[in-house]
Amino acid sequence: MSGPRIGVYPGTFDPVTNGHLDIIQRATRLVDHLIVAVARNAGKGPLFSTDERVEMVREDVANLKTNGTTIEVRPFDSLLMHFVSSVGGSVIIRGLRAVSDFEYEFQMAGMNARLNPTIETAFLMASDRHQFISSRFVKEIGRLGGDISHFVTPNVTARLSTRFADDGDPAKRVQTLKK
């Protein structure tokens, strides 16, 4: 193979978490150029727009040690295999937190291999301090006024706080849920 080894780490990143950042940083040991591909995926009903999610990821990856790997953050809205091919990628990076992730990811890797057998999928296990973090839980905790600062960067904490402040007083939501 000639040229740089290009990897793609796809996700919704709504919002980007410390777990995502850990996978991104560790993926820099495997490839020369890493594209963090932010899926438009309106079907998931994201809290943040695609542009906001791309901006958050860009801000947070700027602070990572990259082992000489260049990192690019780009939105995409096509079939993942088409996107990976279009950027010259040879490997898809996926993070695994638990056995439940494995079943879904295993099926996805099999489908992707049938679509384009020249593109490999590499799985990185979540580190023990990040394996329980999910964007969905971070949003739920933040929406209810809980402390999310251990799960996301200060940049993301501020953005979530601003977004949820627009929705009203978190203490009132917690009281309503307890009734």
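In which loop is asparagine 67 found? Asparagine 67 lies in the loop between α2 and β3 (70–76); helices (H or I, at least four residues) and strands (E, at least two) are DSSP runs numbered from the N terminus. The model is predicted, with local features needing pLDDT of at least 70 and side-chain atom pairs pLDDT 80 or more, while totals for chains, interfaces and linings use all residues. Residues are numbered from 1 along each chain as its sequence is written, and side-chain values use heavy atoms, without hydrogens and water.

**View 1. Asparagine 67 in its loop.** Asparagine 67 is not a glycine, yet has a positive phi of about 55 degrees. Its relative accessible area of 52% makes asparagine 67 exposed (buried is under 20%, exposed over 50%, partly exposed in between; 1.4 Å probe, protein chains only).

**View 2. The loop between β1 (6–11) and α1, with proline 15.** The peptide bond from aspartate 14 to proline 15 is cis, with omega near 0 degrees. Phenylalanine 13 is found in the loop between β1 and α1. Although not a glycine, phenylalanine 13 has a positive phi of about 55 degrees, and at 2% relative accessibility it is buried.

**View 3. Helix α1 (residues 18–27).** Eight of the 10 residues of α1 are buried, among them Leu21, Ile23 and Ile24. Threonine 17 caps the N-terminal end of α1, with a side-chain oxygen 3.2 Å from the backbone nitrogen of glycine 19.

**View 4. Helices α2 (residues 50–61) and α6 (residues 154–165).** The two axes, lines fitted to C-alpha atoms over the stretch in contact, come within 10 Å and cross at roughly 150 degrees. Glu52, Glu55, Met56, Glu59 and Asp60 in α2 meet Asn155, Val156, Arg159 and Arg163 in α6 (heavy atoms within 4.5 Å).

Definitions and conventions. A polar contact is a pair of N or O atoms within 3.5 Å; within protein, one must be able to donate a hydrogen and the other to accept it, and residues adjacent in sequence count only if both atoms are side-chain atoms. Axes are lines fitted to C-alpha atoms, for helices over the stretch in contact, and angles run from 0 to 180 degrees between N-to-C directions.
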